[in-house]
Structures are given as C-alpha cells and as structure tokens.
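The sequence and structure come first.

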Amino acid sequence: MAVQTLTYIFVGLTFGLYIAIALWSRARSTTDFYVAGGGVNPVINGMATAADWMSAASFISMAGIIAFMGRDGAVYLLGWTGGYVLLALLLAPYLRKFGQFTVPDFIGERYYSRAARVVAVICLVFISFTYIAGQMRGVGIVFSRFLEVHIATGVLIGMGIVFIYAVLGGMKGITYTQAAQYCVLIFAYMVPAIFISLLVSGSPIPQLGFAGTMADGSGRAVLETLDATLLDLGFGAYTDGARSTIDIFAITAALMIGTAGLPHVIVRFFTVPKVSDARRSAGWALMFIAILYTTAPAVAVFARINFVESVNGKPYDETPAWFRNWEDIGLVAWQDKNDDGRLQYRAGAPFAGAPSFSDTRGDSGERLITNTTTETANEVYVDRDIIVLANPEIAALPNWVVALVAAGGLAAALSTAAGLLLVISAAVSHDLLKKTFSPNLSERQELLYARIAIAVALGLAGLFGIYPPAFVAQVVAFAFGLAAASLFPAILLGVFSKRMNKEGAIAGMIVGLIFTFGYIVYFKFVSPGSNTAAYWLFGISPEGIGFIGAALNFAVAGIVARFTAPPPDAVQDLVDDIRLPSGAGVARDHG
Amino acid sequence: MTGDQTDTTSSVFHHDDQGNPIGHTSHDNEAVSKSRMSAYWRANLKFLGALLVVWFAVSFGAGIIFADTLDQYSFLGFPLGFWFSQQGAIYVFVVLIFIYVIGMNRIDKIHGVDDDESSPTTGGSA
C-alpha cells in the first residue's frame with residue numbers, strides 16, 4: 001500500500017482512539033478538569049507525564065539536532081532528563097502535598113501575594129505559548145509531508161482533535177489520552193530505530209548498536225566510521241565537541257533548571273492520590289522517557305551515516321525519492337555550485353539563511369533558490385527537523401514504518417500541546433479570574449471559563465501553527481531560560497527556605513527575568529551580529545544564560561529576604577506542612 | 001495520632017465535595033511534634049544531598065567536565081566520557097529516582113509521617 005494511504009489509516013485509527021478515550025473520561029467538576037479528580041494510577045500518570053514531557057521537539061527534532069551537533073547534542077539529552085531528576089526530587093512531592101491546582105497557586109499562597117501570583121501567571125503563559133508554537137509547527141510538517149494536505153488544513157485537524165479531548169475532558173481526558181499517546185509514540189520511535197540499527201550495525205538494540213561494528217563487513221566500529229567520513233568531508237569528528245566546556249555546562253544547566261520549572265509537567269503530579277504516589281509516578285515517567293532518550297543518540301548516529309551515504313556525490317536524478325519530496329516541501333535544497341550535476345555534501349552553510357525558492361528549476365531538475373551563495377564547497381541544505389521523519393525512507397524501510405512515524409510525531413506534538421493548553425486555561429480561569437479579579441465565581445462558572453479559555457488558547461496556538469512567526473526558532477531559548485530564571489528558584493526556595501518571604505521571591509523573579517530576557521533579546525534581536533563567544537558573558541551563549549539568570553534570582557532573593565520581615569506564621573506553618581507527606585488530600589480549591 | 005485524622009484524610013479520597021477546606025495548618029501537624037519534624041527534615045535533606053551529588057557527578061562531572069579525560073577509556077565500545085554524556089547519565093538518573101522512592105518511603109516510615117493510610121486507596125502499588 002502507498003505511504004499516504006497507510007498514513008491516513010494509522011493517523012485515523014490513533015485519532016479515533018483519542019476521541020473514544022475523551023468521550024469515556026469527561027470532566028464533571030473543577031477537580032476533574034484541573035487535576036483529573038486526583039485519582040490517577042501512578043504508572044498511568046507516569047506514561048501521561050512522559051507523553052506530556054516529550055514534545056515534538058523530543059520526537060521529531062532531537063535526534064536530527066544531535067545528528068548534526070554530534071557530541072554537543074548531549075546538552076539536550078542531559079538537560080532534559082537531568083532536569084527531570086530535579087523536578088522529581090526537589091519539587092514534585094512537595095507541590096503534590098501542597099495540593100492545589102496550579103503553579104501560580106503555589107507561588108501566590110506561599111508568598112502571600114497577588115503580585116507574585118500574577119508574575120507567575122505571566123511567566124507561565126509566555127513559556128507555554130512559546131512551547132505550543134513549536135508543537136503546532138510539528139503538526140504542520142507531518143501533515144503537509146505525509147498527508148499532502150495544506151499546512152493550514154493539517155493544523156485545523158489537529159486543533160479539532162485537541163479541542164474535543166481537552167475542552168470536554170480537561171485534565172482527566174488529557175491524562176488518559178496522553179497515556180495512549182505515549183504507547184503510540186514510543187512504538188513509532190522504537191520500530192524504525194530497531195530496523196535501522198539492524199541494518200547498520202546488525203544489533204537489534206540501538207543503544208548498543210551505535211557502539212558496535214558496521215554490518216557492511218568492513219569490521220570497523222560505527223562511531224569510527226562516522227568520524228572518518230565526516231573528517232573527509234571537512235566536518236569535525238562526531239565524537240568531538242565544537243562548543244566550549246563552560247558553554248556546554250551552562251546550556252545543560254539552563255535546560256535542566258528550565259525543564260524542572262515547566263508548569264505543564266509540574267501539574268501532572270497534582271493528579272495522583274498521595275505524595276508517595278507522586279514520587280513513584282516520577283520514577284515511572286523517567287523510565288518511560290529514558291527509553292526514547294537513550295535511543296535518540298543512536299538514531300542520530302545511524303541517520304547521519306545513512307544521510308551522507310545516500311546523498312553525497314549522487315547525481316540529482318539518482319537521489320532517492322525522499323530527497324525530492326522534502327525539497328518540494330522546502331526543507332531540503334541543493335545548489336549546484338560547481339555545475340557537475342552531483343550533490344556535494346560538505347561542512348558549512350551552502351548559502352545564507354533558509355532557502356527561498358524561485359519558481360523555476362535548474363538543468364538537473366532541482367528547485368532553484370535565490371539566496372546568496374557562500375564560499376563553502378557544500379551544496380546541500382537540510383533542515384534538522386526532517387531527520388527523524390525521513391529516517392525510515394532514508395534507510396529504505398517498508399511503507400508502514402514510514403506511516404507509523406507520522407502517527408507517532410502527531411501523538412508527541414498533540415499530547416504536549418494539550419498539556420500546555422490546560423495550564424494556560426487554568427492560569428487564566430483559576431489564577432486570574434477566580435483568585436485575582438472575581439473571587440465570587442461559582443465552580444460551574446469557573447469550569448465554563450476554563451473551557452472558554454482553553455478554546456481561545458487553542459485558537460491562538462493554531463494561528464501560530466498556520467502562520468508561524470519568523471522568530472519561533474529564536475524564542476525557544478526563551479522558554480527554558482525564563483522558566484529557569486523565574487519559576488524554578490521561586491518554587492524551590494518556597495519549599496526549602498522557610499525564611500524566604502514575598503519581597504525576596506518577587507525581587508528574585510523580576511531580576512532573573514529581566515536579566516535573562518534582556519540578554520537573549522540583545523543577542524538574538526538587537527545585535528545578532530555579535531552573537532559569538534567573544535562577546536558573551538563568561539563565554540555563555542543565550543541558550544545557556546538561564547543558568548546565570550537562575551543564579552542571580554537565588555542571590556537576589558536571599559539578600560532581599562535577609563533584610564525584610566520574615567513571612568507570617570501561617571505561611572511558615574504551611575511550609576512545615578508541605579514538607580510532611582502525611583495527610584495529602586486530593587488537590588482541591590482551598591477557597 | 002488519632003482516629004480523627006484518619007477520617008479527615010480518607011474522606012477526601014471519596015471525593016466528597018462539601019467544600020470543607022482542609023486547612024494546611026490543622027490536625028496533621030499538631031500530631032507530629034516539632035523535634036520529630038525537624039529530625040525528619042534533616043534526614044530528608046541528607047538523603048537528597050547524597051542523591052544530588054551522584055546526579056551531578058554522572059552528568060556535569062563524567063559527562064562534561066572530565067569527559068575528555070574519561071574518553072581515553074573505552075566502555076562497551078564507546079569512549080567513556082561520550083557514553084556518560086549520551087547514555088550512562090540517563091540510566092543513572094532512572095536508578096536515582098527509584099532509589100529516592102524506596103529511600104523516602106523508608107525515611108517516612110521511620111519518622112512516622114508516611115502517607116500509607118490503613119484503608120486501601122486509589123492507585124495503589126503497581
């Protein structure tokens with residue numbers, strides 16, 4: 001069967017499954033809507049958390065990014081899983097014990113301050129929208145490539161599905177759908193990975209395969225072969241890093257602290273019955289996450305080997321079909337600089353920026369581009385986001401595997417988008433409306449506003465997907481940097497320092513935010529030309545600056561708290577209480 | 001500990017929505033004396049600290065700072081530092097969280113603050 005037919009079948013089946021689950025698990029109260037009634041089994045919650053956590057970035061982009069970054073790609077592997085450990089050890093059990101609905105709830109109550117709550121809401125909404133834009137781009141790519149519908153149509157279909165299970169089901173619908181989405185996405189990730197590992201290294205376990213020997217009979221190690229190939233083409237060796245140790249350190253730390261502060265993952269722990277369940281559920285979640293995260297670096301190595309082999313030196317009309325398919329979408333391009341009709345894949349950018357295509361085709365039949373050429377010998381442009389999606393085709397795997405990956409990519413993007421939409425809606429309906437502007441809202445009204453807020457947020461997210469703002473790629477650094485510099489230190493200090501007061505927490509959040517925001521804006525927008533190590537503070541890139549922002553936040557908060565009044569007794573008692581696991585009720589509105 | 005406390009907490013699991021606020025500062029704390037509470041918290045912090053040292057050592061230590069030195073050694077066919085940064089640290093992370101789960105349950109029990117209610121609750125063990 002054709003790839004497209006199979007994709008329609010797989011995507012149709014999985015979407016049907018999600019809708020069925022949504023209808024079965026409709027939310028009836030705000031407790032259902034915000035925290036799934038608080039009665040979710042820890043293993044199921046672990047799966048849901050894993051799907052929530054692993055976004056389109058993890059499923060679609062990460063292996064591709066690592067394939068081209070080589071060793072330095074470890075920042076994502078370490079950052080995103082190590083941050084999870086911080087979350088599980090330092091935040092999850094205590095926030096579960098605190099037992100309310102949202103992250104701003106915690107900040108607002110712990111720091112006895114509406115201002116703190118509103119600052120938290122602003123951070124949360126900004127972080128979440130930045131993140132959603134990326135998910136919707138993932139949905140758009142999958143639809144336009146595999147179902148050959150217009151990106152707008154694809155995004156609308158995706159929005160429709162999320163609307164059904166998020167608006168009807170709230171957290172309850174989202175939790176059970178996410179558990180199903182985890183199963184879909186991990187199966188879709190592992191099947192091609194195992195196939196490709198067998199083809200390249202002869203080992204059915206990708207995690208071991210990429211350290212094994214090539215299956216081509218040469219007897220050479222996989223990593224050595226890749227290193228040698230890349231050095232021949234003018235790249236650095238795959239197993240050597242290009243970035244400085246301090247920058248790698250800072251980026252890893254910023255990603256760790258940032259992911260630990262991501263609100264949509266934190267709220268997942270509000271859905272289990274007890275504190276000990278929150279801990280256990282975090283363990284299961286990381287195990288489910290680790291299956292994908294330890295496979296990704298293997299996929300990256302195999303993909304890079306296959307990519308070079310199937311592209312470099314080929315005449316254009318002998319390139320595999322996938323090359324021309326992705327060229328049609330505009331995510332790969334070839335410029336025949338030396339007019340030999342063959343693709344030369346070398347180090348360096350082939351031309352300035354992303355390709356802008358003219359309507360005409362060149363002598364070999366390639367789409368001509370209008371960008372200014374560069375001096376490098378490289379003729380091939382490839383968007384990193386295509387690697388995972390194109391991988392089964394690059395390795396010439398059966399059509400059903402290609403279709404499966406499409407369904408998996410959608411599961412990853414939609415599960416994360418739904419989780420983000422829920423925290424946005426809770427922040428608006430619960431923290432802004434109920435807790436800040438109109439405390440007299442009944443539960444029924446609040447539920448209605450929560451549904452309206454999720455629908456509006458979904459509409460906005462859809463617009464991001466259909467008309468992706470040109471700066472999406474640049475602002476991803478924001479989401480993690482800001483979460484690291486604002487939410488994480490405030491929550492951590494709230495639990496571990498009884499003496500921390502509202503003056504300290506608010507001052508810390510504001511200083512951390514402004515510093516991080518300013519640094520990223522300066523290097524990404526105001527003066528992108530000077531975005532090199534020579535101008536960076538301590539040699540730390542904007543991607544890693546959230547680490548310094550977080551450190552500043554801690555320092556300022558500590559100093560300010562020292563010179564201002566300690567928090568009221570009731571708040572100190574609250575801190576004592578959240579430190580004890582016993583007596584945690586279902587997360588609820590404390591009125 | 002009194003039967004009173006058990007009632008408060010178990011009723012919550014029955015989703016009774018009468019809107020009775022469960023005060024953060026009430027029953028459960030009075031039952032646990034201040035000194036027991038601080039002994040529990042110290043044990044907790046000590047355990048957390050030990051786990052975080054391992055967490056830092058395998059990721060920032062072996063995977064980043066000392067990676068170049070470790071690369072001289074080979075493990076399962078990988079340069080060792082490379083293995084830590086792209087595989088090993090993640091396995092250790094998973095093990096760490098499960099050690100945390102088991103260790104904290106034990107610390108909770110020793111100090112009498114565990115949340116294992118006498119009645120079976122939703123979720124339960126897997």
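## Aromatic pairs

Over all chains of this predicted model, a search of the whole structure finds 30 aromatic pairs. Rings of Phe, Tyr and Trp (its six-membered ring) pair if their centres lie within 6.5 Å; planes under 30 degrees apart count as stacked, over 60 as edge-to-face and the rest as tilted. W53(A) and Y84(A) form an edge-to-face pair, because their ring centres are 4.9 Å apart and their planes stand at 90°. W53(A) belongs to helix α3 (residues 42–53) of chain A and Y84(A) to helix α5 (residues 74–98) of chain A, so the pair ties together parts 31 residues apart in sequence. Helices (H or I, at least four residues) and strands (E, at least two) are DSSP runs, numbered from the N terminus.

Buried means under 20% relative accessible area, exposed over 50%, and partly exposed in between (1.4 Å probe, protein chains only). W53(A) is buried at 5% relative accessibility, and Y84(A) is buried at 0%.

## A pair between chains

The rings of W284(A) and F98(B) are also edge-to-face, with centres 5.8 Å apart and planes at 85°. This pair joins two chains, because W284(A) lies in helix α13 (residues 275–311) of chain A and F98(B) in helix α5 (residues 80–110) of chain B. W284(A) is partly exposed at 22%, as is F98(B) at 23%.

## Cluster and charges over rings

In chain A, ring pairs link F68(A), F307(A), W322(A), F323(A) and Y345(A) into a cluster.

A charge sits over a ring if NZ of Lys or CZ of Arg is within 6 Å of the ring centre and within 35 degrees of the ring normal. R324(A) has its charged end over the ring of Y316(A), 5.9 Å from the centre. For R367(A) over the face of F357(A), the distance to the ring centre is 4.0 Å.

## Cysteines

The whole structure has zero disulfides over all chains, a disulfide being a pair of cysteine sulfur atoms within 2.5 Å. C123(A) is buried at 5%, whereas C183(A) is partly exposed at 39%.

## Chain A overall

Chain A has 21 helices and four strands. Of its 591 residues, 66% are buried.

## Basis of the values

Residues are numbered from 1 along each chain as its sequence is written, and chains are lettered from A and ligands numbered from 1 in the order in which they are written. Local features need pLDDT of at least 70, side-chain atom pairs count only at pLDDT 80 or more, totals for chains, interfaces and linings use all residues, and side-chain values use heavy atoms, with hydrogens and water left out.
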